[in-house]
Amino acid sequence: MEVEWLLVIHGVVTLLVLVSFLCGQWPIFDGTFIQKIHFFLTFGFCDYFRRFVGAVFGQRGSDALFCVEYYCCDRPNPILQVFPSS
């Protein structure tokens with residue numbers, strides 16, 4: 001009996017996170033906890049992670065994190081550009 005409730009709770013939490021992530025910026029959710037979860041998932045988590053890395057590893061850790069972010073997000077990726085052109 002516990003397994004069924006665990007699956008139901010997992011399904012509800014998964015649905016809540018999915019709705020928050022995909023629909024949290026909609027005007028209908030202004031001022032609700034859905035909007036707050038959306039903000040944390042899209043901006044807040046990265047900001048807190050940067051602060052944590054900066055507190056634990058100092059400036060070198062922050063620089064390494066920014067370097068990885070630049071390498072993965074800010075540069076053009078030729079491998080991904082091949083597929084749309086074919």
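**Exercise 1. Find the partner of D47 in a salt bridge, and work out how the two sit in their helix.**

Step 1: Start with the rule: a salt bridge is a side-chain nitrogen of Lys or Arg within 4 Å of a carboxyl oxygen of Asp or Glu. D47 pairs up with R51, and their closest N and O atoms are 3.3 Å apart.

Step 2: Now look at the spacing. Both residues belong to helix α2 (residues 33-74), and because they are 4 residues apart, about one helical turn separates them. Helices here are DSSP runs of H or I with at least four residues, strands are runs of E with at least two, and both are numbered from the N terminus.

Step 3: Check the surroundings. Buried means under 20% relative accessible area, exposed means over 50%, and partly exposed is in between (1.4 Å probe, protein chains only). D47 is partly exposed at 32%, and R51 is exposed at 53%.

A word on the ground rules: this is a predicted model, where local features need pLDDT of at least 70 and side-chain atom pairs count only at pLDDT 80 or more, while totals for chains, interfaces and linings use all residues. Residues are numbered from 1 along each chain as its sequence is written, and side-chain values use heavy atoms, with hydrogens and water left out.

**Exercise 2. How many salt bridges does the whole structure hold? Describe the one made by R50.**

Step 1: The search of the whole structure turns up 2 salt bridges.

Step 2: R50 meets E69 through their side chains, at 2.6 Å from N to O.

Step 3: Both residues count as partly exposed: R50 has 31% relative accessibility, and E69 has 30%.

**Exercise 3. Is S62 buried or exposed, and what does it touch?**

Step 1: Locate S62 in helix α2.

Step 2: Its relative accessibility is 16%, so S62 counts as buried.

Step 3: Contact means heavy atoms within 4.5 Å. Setting aside neighbours within four places in sequence, S62 touches V53 and G54.

**Exercise 4. Describe how helix α1 and helix α2 meet.**

Step 1: Two packed helices are described by the angle between their axes and the distance between the axes. The axes are lines fitted to C-alpha atoms, for helices over the stretch in contact, and the angles run from 0 to 180 degrees between N-to-C directions.

Step 2: Helix α1 (residues 2-23) and α2 have axes that come within 8 Å and cross at roughly 75 degrees. That makes α1 roughly perpendicular to α2; the cut-offs are under 35 degrees for roughly parallel, over 145 for roughly antiparallel, 65 to 115 for roughly perpendicular, and oblique for the rest.

Step 3: List who meets whom: L16, V17, S20 and F21 in α1 contact F33, I34, I37, H38, L41 and T42 in α2.
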